[in-house]
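Here is a short briefing on a protein chain.

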Amino acid sequence: KRIHPLYKHILNPFIPTMAFISLPFQVSPLNLMDFQVRWVLTVWRGQQMLPSVEEMVDSSERDYEQRLARGMPPQHAHMLKGPMQWEYISDLCTLGKMEPHDPAVESLFEENSKHRTANLMHYRENRYKMISKDEWICLSRPSQC
């Protein structure tokens with residue numbers, strides 16, 4: 001359940017043209033893939049220099065050890081549940097000098113996750129509209145949102 005070493009859960013430090021997109025789980029998948037692909041492109045286009053192989057391997061190991069220290073089981077080596085995914089995406093944005101993700105995307109994902117937990121059979125019936133980078137509204141009945 002762990003592919004290692006992978007720098008930023010994406011790149012093989014020994015073959016940096018080998019990328020694993022969308023490996024992390026319990027995330028907003030399309031959002032995560034978008035930022036991962038954009039970050040990888042900054043590397044492959046030469047807009048960002050990678051650390052040394054040793055530094056990338058060390059970074060991968062530190063991430064794994066921190067997860068174990070937090071009590072996460074080994075099979076969760078690539079899980080980015082909750083705030084971990086937003087910290088991860090922010091890190092990719094900083095490294096790749098990219099615009100950060102919209103706060104409304106994070107807020108809406110977290111809100112919808114609560115509805116999924118509370119009502120697994122019907123949470124997908126809720127409809128939302130993005131108003132701006134910072135705001136969204138629920139188009140469904142208020143009792144559903």
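In this predicted model, confidence is lowest in α4, with a mean of 89, and highest in strand β1 (residues 11-12), at 98. The score is pLDDT, the predictor's confidence in each residue, from 0 to 100. The chain averages 93, and 97% of the residues score at least 70. Helices (H or I, at least four residues) and strands (E, at least two) are DSSP runs, numbered from the N terminus.

**Basis**
- Residues are numbered from 1 along each chain as its sequence is written, and side-chain values use heavy atoms, without hydrogens and water.
- Local features need pLDDT of at least 70 and side-chain atom pairs 80 or more, while totals for chains, interfaces and linings use all residues.

**Largest pocket**
- The largest pocket holds about 410 Å³ of space.
- Its lining has 14 residues; Q26, V27, F109, S113 and R116 are the closest to its centre.
- A pocket is an open set of 1 Å grid points, over the protein atoms alone, where a 1.4 Å probe fits, with protein on both sides within 12 Å along at least five of seven lines; lining residues have an atom within 4 Å of a point.
- Volume is the space filled by probe spheres set on the points, which are joined across faces, edges and corners.
- Helix α4 (residues 103-118) gives the largest share of this lining, 7 residues.
- The lining of the largest pocket divides into 6 nonpolar, 5 polar and 3 charged residues.
- Nonpolar means Ala, Val, Leu, Ile, Met, Phe, Trp, Tyr, Cys and Pro; charged means Asp, Glu, Lys and Arg; the others, Gly among them, are polar.

**Second largest pocket**
- The second largest pocket has a volume of about 340 Å³.
- Among its 19 lining residues, H9, D63, R67, L80 and Y88 are the closest to its centre.
- α2 (53-69) and α3 (83-96) are the elements that give two or more residues to this lining.
- The largest share, 6 residues, comes from α2.
- By class, this lining has 7 nonpolar, 5 polar and 7 charged residues.
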